[in-house]
Amino acid sequence: MTELLWDVPDSYSTTILLAHGAGAAMDSPGMNDVAAVLVARGIRVARFEFAYMAARRSGTRKPPPRADTLLGEYRDAIAAVGGGPLLIGGRSMGGRVATMVADDAADAGLVYGVVCLAYPFHPPGKPEQTRTAHLEHLRTPTLIVQGERDEFGTPADVAGYSLSPAIEILWLPDGDHGLVPRKSVSGFSKRDHLETIGDAVAGFASRAPENGGG
């Protein structure tokens, strides 16, 4: 059974399920920071780990498997949350896997949107190896929050992709793959970008039909 890590505000109308990136656990500092800003905006957050990452807690270190082998685990996590339609997503690889299960889950009435924090459009240094084929036909409303200097996909890279009109991208000035800017260069701090992420996800969630949006 999928184990969930919950962060629950005093009151909420939205729940988001988040998966971790390829190399950091569900309770990594970056995931904790995002959960905190979402809870502060009245969003209930559930986090989970794929089996390879959970195994590291008992000393069994396994490399990240291919994203397409993790779809069943993500579907199990959606079932573990239960309740009405929810947002799904995650950091980097976790967000990518969420986009791969989103349409079927939405068709089943389980999901109404996806939030990707730093989508891995391609491996670093290999822009020709795109991970975007399924994004061309994605039907579920999706918010991608991406740093402008993310080595997994910059504005120049993404401008050349054919992405579904269901996808909107929020570019964070000077953000890296961790969505962290260099304040001396951009004038923005890590905290500034976290607050922007919180506002963007809250706004995205509020537009869903389940929450009174269009």
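The dialogue below treats aromatic pairs, then nonpolar cores, then a surface patch.

Mentor: First, the basis. This is a predicted model, in which local features need pLDDT of at least 70 and side-chain atom pairs count only at pLDDT 80 or more, while totals for chains, interfaces and linings use all residues. Residues are numbered from 1 along each chain as its sequence is written, and side-chain values use heavy atoms, with hydrogens and water left out.

Trainee: How many aromatic pairs does the structure hold?

Mentor: A pair of aromatic rings is described by the distance of the centres and the angle of the planes. Rings of Phe, Tyr and Trp (its six-membered ring) pair if their centres lie within 6.5 Å; planes under 30 degrees apart are stacked, over 60 edge-to-face, and the rest tilted. The structure holds 5 such pairs. One of them, Phe48 with Phe50, is edge-to-face, at 5.1 Å centre to centre and 80° between the planes. Phe50 also pairs with Tyr74 in a tilted arrangement, at 6.4 Å and 50°. That pair links distant parts of the chain, 24 residues apart: Phe50 lies in the loop between strand E3 (43-48) and helix H2 (51-56), and Tyr74 in helix H3 (residues 71-81). Helices (H or I, at least four residues) and strands (E, at least two) are DSSP runs, numbered from the N terminus. Phe48, Phe50 and Tyr74 form one aromatic cluster.

Trainee: Is Phe50 buried or exposed?

Mentor: Buried means under 20% relative accessible area, exposed over 50%, and partly exposed in between (1.4 Å probe, protein chains only). Phe50 is buried because its relative accessible area is 0%.

Trainee: Which residues touch the most other members of the largest nonpolar core?

Mentor: A nonpolar core is a set of buried Ala, Val, Leu, Ile, Met, Phe, Trp, Tyr and Cys residues joined through side-chain atoms within 4.5 Å. Among the 34 residues of the largest one, these are Leu17, Phe50, Tyr74, Ile78, Ile88 and Val97. Helix H4 (93-107) is among the elements that give two or more residues, and H4 supplies the largest share, 6 residues.

Trainee: Which residues make the nonpolar surface patch?

Mentor: Like charges are joined within 9 Å, and nonpolar side chains (Val, Leu, Ile, Met, Phe, Trp, Tyr) within 5 Å. Here Trp6, Val8 and Tyr12 make a patch of about 280 Å², with areas from the Shrake-Rupley method and a 1.4 Å probe, where for residues only the protein chains shown count as cover. Tyr12 counts as partly exposed because its relative accessibility is 39%.

Key
Patches are made of residues with over 30% relative accessible area and no salt bridge: like charges are joined within 9 Å, nonpolar side chains (Val, Leu, Ile, Met, Phe, Trp, Tyr) within 5 Å. A salt bridge is a side-chain nitrogen of Lys or Arg within 4 Å of a carboxyl oxygen of Asp or Glu.
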